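Subject: Structure handover and notes

Dear colleague,

I am passing the structure on to you with this email, and my notes follow below it. Please keep the model open while you read, so that you can find each place as it comes up.

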Amino acid sequence: LYNLMKDELMAYDVASCDATTLQVLQEPNRLAQTKSYVYCMRGRAPGKEVVLYDYNEVEHKPYVVNWFEGFQGYIEVDADPFFDALFDREGIHEVNCNAHARRKFEPIAKDAKNKGLAKEAMRYYKQLYQIECQSKKENLTVAKRYELRLKESKPLLDEFYQWLQEAKLKVLPQSPLGKAIQYCLNHWQGLIRYCEDGRLEFDNN
């Protein structure tokens, strides 16, 4: 059953993958404090949606590459280095999770007493999420969601990118805010790729 479900997932050109740390007790040849991971893979062919879980304890980069052997299309992930080798393959396109980018600004904005750069970044994300909420509330088709993003999200993303470039010059690179800004800039193409196709999600949530 697992293999048949994986076949369905691999046959479609949109998938997502996320990993969660897991501590395993009494595992042979491993300390209990050693991190292992549970992976969640989702495929989204209409009417044939699949969710699969898999456990992996070592060599995560080759594991991910091997699991998606033969896949072509978009894969939605966070920016974990586990996935780097996967996107070195031709025909696989990285879609990064905006929730991961947003949450780097959130604690900084909460601690800020006055208006500042982190709160401004959160304002951009609030507007982008409102657009996504609108598409879900109106139950838009894939085509309509694509059109909405081109009309409203893309100009806002262009403005946000320009703001990030300017904000980068105002902060220390190794400060939490500097790292949050650089994270967005480093993964920008993946963070905005959801605008290419109405089937893609804004985040992994």
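Q26 counts as exposed, at 80% relative accessibility, where exposed means over 50% relative accessible area, buried under 20% and partly exposed in between, for a 1.4 Å probe and protein chains only. This residue sits in the loop between β1 and β2, and its phi is near 55°, a positive value in a residue other than glycine. Most residues other than glycine have a negative phi. N139 also has a positive phi, near 50°, and lies in the loop between α4 and α5 (142-168), where it is exposed with a relative accessible area of 66%.

Before going further, please note that this is a predicted model, in which local features need pLDDT of at least 70 and side-chain atom pairs count only at pLDDT 80 or more, while totals for chains, interfaces and linings use all residues. Residues are numbered from 1 along each chain as its sequence is written, and side-chain values use heavy atoms, with hydrogens and water left out.

In helix α1 (residues 2-11), the buried residues are K6, L9 and M10. Seen down the axis of α1, these buried residues fall within an arc of 95°, so they line one face of the helix; the arc is that of the directions from the helix axis to the C-beta atoms. L4 and A11, on the other side of α1, are exposed. The buried residues of α1 pack against β1 (14-23), β2 (35-43), β3 (50-56) and α2 (60-67), with contact meaning heavy atoms within 4.5 Å.

The strands β2 and β3 run antiparallel and are joined by seven bridges, and two strands pair if DSSP finds at least two bridges between them. Y37 has N56 in β3 as its bridge partner. The hairpin of β2 and β3 has six residues between the strands, and in it G47 takes a positive phi near 85°.

Further along, K104 is found in helix α3 (residues 98-111) and is partly exposed, with a relative accessible area of 35%. K104 touches A180 and Y183, not counting residues up to four places away in sequence.

Now to the pockets. On a 1 Å grid over the protein atoms alone, a pocket is an open set of points where a 1.4 Å probe fits, with protein on both sides within 12 Å along at least five of seven lines, and lining residues have an atom within 4 Å of a point. The largest pocket holds about 280 Å³ of space, and of the 16 residues that line it, the closest to its centre are R42, E201, D203, N204 and N205. The largest share of this lining, four residues, comes from α4. The second largest pocket holds about 190 Å³ of space, and among the residues that line it are Y12, R42, E49 and E201.

With best wishes

Methods:
Helix = DSSP H or I, 4+ residues; strand = E, 2+ residues; numbered from the N terminus. Points joined across faces, edges and corners; volume = space filled by probe spheres on them.
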